[in-house]
Structures are given as C-alpha cells and as structure tokens.
Amino acid sequence: LVVTAALMTGLALATTGFIRARREASRSQAIATFLEDIVVAVNPHESAGQQLDVEQVIRRARELFGNDHATVAAALDNLAMRAQHTGDVAAAERLFRESSRIWRLYGVKMPSLALTLGHLGALLRLTGDDAGAEAALRESLAIAAEFPDARQLAFCETRTDLATILQRSGRLDEAGDLVRESLRIYRMQPKPQQFQVAETLEQLTQILISQNRNDEAEQALTEGISLFRGLVPPDSPTAAYYNFALGHWLRQHGRLEQAEPYLRDALRIYRRMENPPREIYLATVDGVFQLVRWREESFDEALSLFRECMGNMAKLVGPNDPSLGAHFLGYGLALGEKNRAVEAVSLLVEGMRIYRAAKGDDWNPANTIELLDRNVRRIVTRPDRSASDYESALAGVQALRGDKQADTKSRDLFGMVLYRLGRMDDALTELTAPIGGGATPNRDHRLQRLAFLSLAQHHSGSAAAAIETLTEMRELQTSTAEQLGKDTLAVMAEAERLVGDSQPKPIDE
C-alpha cells in the first residue's frame, strides 16, 4: 500500500509538472509568435505598406503578459519606436500614449514614464504638433528634474527637442539654457560624447545667431565643427560640408583670411566627388569666387570660378534660365568697370544669348546693348591689343548685329573691328556705308568712325582720301568745346600719328 501510494503520488506530481511545462512552453511560443508578428508588422519589406493594427497589438499584449504591466508598457514603447522608424506615425503615437498611460499605474515619477513621454514629444515635434510636443517634453523633464546627474544622459535629447520648439516660437533664452544643460551633461560623462557635443553646439550656434550674439556663436560653431572634423574622414563629404559651413560663416562676418582655407578645402573635396551635393557645391564655389574676384593676381581664377558657378547653376535651373543671364550681365558690367573689357564682352554676349533664348521678343536689351557697345569700343580703340582680343570684340559686334535695335548702330563698330583684324576692304565697306534707321551717332562715335576710316584709307593706299577724312575729323573735333572720351582721344591720336604725320610738309618761301 505504501509503495502503491508513493507511485500514485509521484505519477500525479509528474503529470502536474508536465502539464505546467506544456503551458509555459505554449505561453513562450505565443510570446515568440507575438514578437515575431510585431517585427513583421513594422518591417516595410514584410508588411507591404499595411498599417499596424494598434488595438489588436495592445489586446494581444495584455493577453500574454496579464498583470505584468511594466512588460506590457515596455513592449508597447519599443514597438512604437519601431513603428516610428518605418513611417507609421499614427500607430507610433497611439502606442506611446498607451505605454505612458500604463506607466502611470506605477506612479507619476517613474523614469520609464519620463522616457516614454520624451519619445512621444519627439514624435509630435516631427509631425508639427508643437503644442502637444511641448506638453509631453515638459512633463518628461519635470519628472527627470529629480533624478541625479548620473541618470540625466537619457534626457539630453528631450531637452534639445524642447529647445527646437522654443527656437521656432522665439523663446530663445530658455532654449539656450536647455541646450547648455545638455552640453554640461554630455561633457561630464566618463566616456566622451563627442558627436552629441558637436551636434548640440551646432544647435547652440543657431540660437546665439538668432540672439545676435555673434562672438559666442562663432566660438560655439568653431568648437563644434572642430569636433565634427575629428570624427569623420578628412576627405569625406561630411568633412567638406563642415569646412563649407565654417568658411561661409567666417566670410559672412568679414573674417576673409580665416574663411578661405576652409572654403578651398571644401571645394577640393567636392571637385573630387563624382556627384557632389549640387547646391552646397555651388555655394562653395561662389564663396571662393567672392573672396578672389577682385584680386589682380587671382583674376584668371576668379573668372574660371565664375564660369564654374554658372555651370552648376545651369544644371539646377536649366541653361537658358533668366537668372543665369542676370549673373552674366551683372559680372560683365562689373568687369567693364574694372577695365576688363575683353572678359566683360564674353560674359555680356552669353548673357544676351540666354535672355534672348528665355524671353524672345519680350526682352528689352537696350541697356545691355549700350554696355556691350561701350566695352567693344574700349577694345578696338586701342592699337596694342592681341588678335584674340579683337576676335572677342568681333563676337561682341556680331551679338549686337543680331539684335534689331542694335543693327543700324553697329556698322561703324563692325568696320572698326574689321580694321583691327586686317580686313581693310571689308572695313572700308562698313565704315563708308550710310547709317540707316534714322540713327544719329553721338559726337564721340562719329569721331571714332572718321579716325578709323582715315586709318583704313591710309592702309589701303588712298592717301588723299585719308587726309580728307582726317581733316573732317579735325573740323568736327573743334566744332564744340564738348569733352571727349578717352577711347575717342586714343584713336584720334593714332590717326594723327599715322595719317597726319604722313602729310607732306609745306615748303617755306
């Protein structure tokens, strides 16, 4: 009986243990299946864009974990972050709110509640709900305020998220205090938080700029970028960006010598990249161009940088966008004022081409025609220019002759260019042709035409005609006391020297 009783007891215990083990195994399998379903539900490759069924997830979590509320809340918080990362913002918000509601069962000063509220606030900030975000973030920080410094690291992002909202609404003093507190906590950690420090310094820089505290902003920016540059490869796109950012800041604030090395280093990296970020690359090229544009020793580089800028702009806005034309005409005007007539003409010609292509007959080129005409004359009235300079002048005249408004005024200028190119017969044809369209050249232009005509006649062997034209030029010169331009005086002096000096001297009686 004793043996039988013992056997029966053992069998009963074994059966009970087996049943309990089966139940635990079944529960474990259910939990594993639940977690696997969660992963699939928030995996964009598996869920095929289907929205997470939040209510079903919450219900299933309660069935599995029962009264273990902390596990339910932690699972929902983790799932919410996964949903947020895959773009299911509505599901993430619902799960964060349910998780925070459950954490409150343990009291309103729970660290886990503060963390979940921080996650919720960060999500709401990204969706544009600044009011809801601010409320969640402030509650999170109010709870965290009672924790020791050793536990504050987890709330640094909460502070910077709240600071971002305050920046947007102009509450800069409080925003700055929050960011500085995050910096203090990051810097006191046993293991340096260099990347987080650099990012936070970048945010502090923005706040200080908005407060017009530029010296402090420059200090924060310089420190932050110095950290960033030490964290990334020196020739990486990220290094290029931070070089550009610091160089751009320094240039904007008049620190030109300090800015140039950073901008040049950024430009060097971007030029080596197959597909640099076009907008920042363009801004970098423009930054270097602005630094060197009026340096006499860097003029060729400046012109090359300008064309590089325009090439990049053309890839962004199209080759015939009027904004491109405005840049060509503007820099052409500036070069003309700096006595860089040859380069000015090439840019003005390109600007005219762009505007004509973009606007057709709707474009009124009167001012550009005058500007181009003036710079072509600056070239051709000087006898000591190179052949390539005169070829540039020819391109300018051809651009003028392609315009209805300029054609009747440009025949004499065309003849002047042809003379410089040694095409005497063609030059005489243009210089002796009547001016059509009712146009009346001003006195300077008439004198220039007569001087060139006299020179062309002289070189063609028509000495008498040359002297007669020279005499007409002299009479026109003395007809008024009006002051003549330097270009006119230069070519008149040339005619006097070559044609006037060839006249036979009268014999004294």
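Start by selecting F289, W294, F306, F328 and Y331, which ring pairs join into a cluster; rings of Phe, Tyr and Trp (its six-membered ring) pair if their centres lie within 6.5 Å, and planes under 30 degrees apart count as stacked, over 60 as edge-to-face and the rest as tilted. This is a predicted model, in which local features need pLDDT of at least 70 and side-chain atom pairs count only at pLDDT 80 or more, while totals for chains, interfaces and linings use all residues. Residues are numbered from 1 along each chain as its sequence is written, and side-chain values use heavy atoms, with hydrogens and water left out.

A charge sits over a ring if NZ of Lys or CZ of Arg is within 6 Å of the ring centre and within 35 degrees of the ring normal. Next, select R151 and F147: the charged end of R151 sits over the F147 ring, 5.1 Å from its centre.

The whole structure holds twelve aromatic pairs. Select Y241 and Y242, whose ring centres are 5.2 Å apart with planes at 70°, so this pair is edge-to-face. Y241 is partly exposed at 33% relative accessible area, whereas Y242 is buried at 11% (buried means under 20% relative accessible area, exposed over 50%, partly exposed in between, with a 1.4 Å probe and protein chains only).

Move to Y419 and F452, another edge-to-face pair, 5.6 Å centre to centre with 75° between the planes. Y419 is in helix α21 (residues 411-420) and F452 in helix α23 (residues 443-459), 33 residues apart, and the pair links distant parts of the chain. Helices here are DSSP runs (H or I, at least four residues), numbered from the N terminus. Y419 is buried at 6% relative accessibility, and F452 is buried at 0%.

Finally, select helix α17 (residues 341-359) and helix α18 (residues 366-380), whose axes come within 9 Å and cross at roughly 150°. Axes are lines fitted to C-alpha atoms, for helices over the stretch in contact, and angles run from 0 to 180 degrees between N-to-C directions. α17 and α18 are therefore roughly antiparallel (angles over 145 degrees).

N375 is in helix α18 and is buried, at 0% relative accessibility.

Definitions and conventions
Helices (H or I, at least four residues) and strands (E, at least two) are DSSP runs, numbered from the N terminus. Angles under 35 degrees count as roughly parallel, over 145 as roughly antiparallel, 65 to 115 as roughly perpendicular and the rest as oblique.
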